[in-house]
Amino acid sequence: MKGYKCGEHPVPSRDSMIEWFTMASWSPYLAGAGIGVLIWTVFVLSDHPLGCSTGFLKTAGMVEAGLSGGKAKEMSYYRKFVPGIDWYWLLIIGIVIGAFLSSYLSGIFAVVAVPSFFAAVVGPDAVFRFAVALVGGILVGLGARWAGGCTSGHGISGTLQLSFASWVAAACFFISGILVAGLLFGFRFL
């Protein structure tokens, strides 16, 4: 995007808007402000916090209900979180579509079994990479449900509401991430 001097009021042209959508990365300040507006909008329109783990939970409930002949819906947990397609579920679909469109429009879309960083540090084995991703995803999912929310639910929506539990959860996300990254890739700052 073209830069403007302080005090100028640019009128975005069609070309500059297209250029903005084709950038490989956006300003973290702009993205953060966008997430903030999104959170406010979600609270106003749905009176629910934004989070993804509930959508995955509802998907698991639909699969379990299909496999058990509907008996899953009798469980107390699924009476509280009724399996079904709702806006939480559609949020996940929107994230996948948005990520694809963003990478495609910026020209960086690629199907890669083993990212170069992972291959350089851990090795190029695609089966091992898949196993690590699967186990990591399961652990993150279990942790999100155990904590009562994911990084979006606690780290964004909960901290916005000044929830003490969410602030503790967000601190634990960062501390755990730093420790695990350090254990896997080495503590380079020490």
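The questions and answers that follow concern a predicted model.

Q: How do you know that the side chains of Lys58 and Asp86 meet in a salt bridge?
A: The distance between them, N to O, is 2.7 Å, and a salt bridge requires a side-chain nitrogen of Lys or Arg within 4 Å of a carboxyl oxygen of Asp or Glu, so the pair qualifies. By this rule the count comes to one salt bridge. Lys58 lies in helix α3 and Asp86 in the loop between α4 and α5, so the pair ties together parts that are 28 residues apart in sequence.

Q: What makes the link between the side chains of Lys58 and Asp86 a polar contact as well?
A: The separation is 2.7 Å, and the cut-off for a pair of N or O atoms is 3.5 Å, so this pair falls within it.

Q: Why is Asp86 called partly exposed?
A: Asp86 has 23% relative accessibility; the class of partly exposed residues lies between the buried limit of 20% and the exposed limit of 50%, so Asp86 belongs there.

Q: Why does Thr54 count as buried?
A: Thr54, also placed in helix α3, has 13% relative accessibility, and because buried means under 20%, the label applies. Leaving aside its neighbours within four places in sequence, Thr54 is in contact with Phe81, Tyr88 and Arg145.

Q: What makes Leu57, Ala65, Ala72, Tyr78 and Phe81 a nonpolar core?
A: These five residues form the largest nonpolar core, and the term requires buried residues of the listed nonpolar kinds to be joined through side-chain atoms within 4.5 Å, so each of the five has under 20% relative accessible area. Ala72, leaving aside its neighbours within four places in sequence, is in contact with Gly61, Glu64, Ala65 and Tyr78.

Q: Why is Ile85 called exposed?
A: Ile85, which lies in the loop between α4 (76-80) and α5, has 56% relative accessibility; exposed means over 50%, so the label holds. Ile85 is also one of the residues that make a nonpolar surface patch of about 1,200 Å², to which helix α5 (residues 87-106) gives the most, with seven residues.

Q: How do you know that Leu184 is exposed?
A: Leu184, found in helix α9 (residues 164-185), has a relative accessible area of 55%, and as the limit for exposed is over 50%, Leu184 therefore counts as exposed. The C-alpha atoms of Leu184 and Val121, 63 residues apart along the chain, are separated by 8.4 Å.

Q: What share of the protein chain is made up of buried residues?
A: Buried residues make up 20% of the 190 residues. The accessible surface of the protein chain comes to about 13,700 Å², of which 73% belongs to carbon and sulfur atoms.

Methods. Residues numbered from 1 in each chain as written. Predicted model: local features only at pLDDT ≥ 70, side-chain atom pairs only at ≥ 80, totals over all residues. Heavy atoms only, no water. Patch = residues over 30% accessible without salt bridge, like charges linked within 9 Å, V, L, I, M, F, W, Y side chains within 5 Å. Areas by Shrake-Rupley, 256 points an atom, 1.4 Å probe, with all protein chains shown as cover. Helix = DSSP H or I, 4+ residues; strand = E, 2+ residues; numbered from the N terminus. Buried < 20%, exposed > 50% of the residue type's maximum accessible area, 1.4 Å probe, protein only. Contact = heavy atoms within 4.5 Å. Polar contact = N/O pair within 3.5 Å; in protein donor to acceptor, adjacent residues only side chain to side chain.
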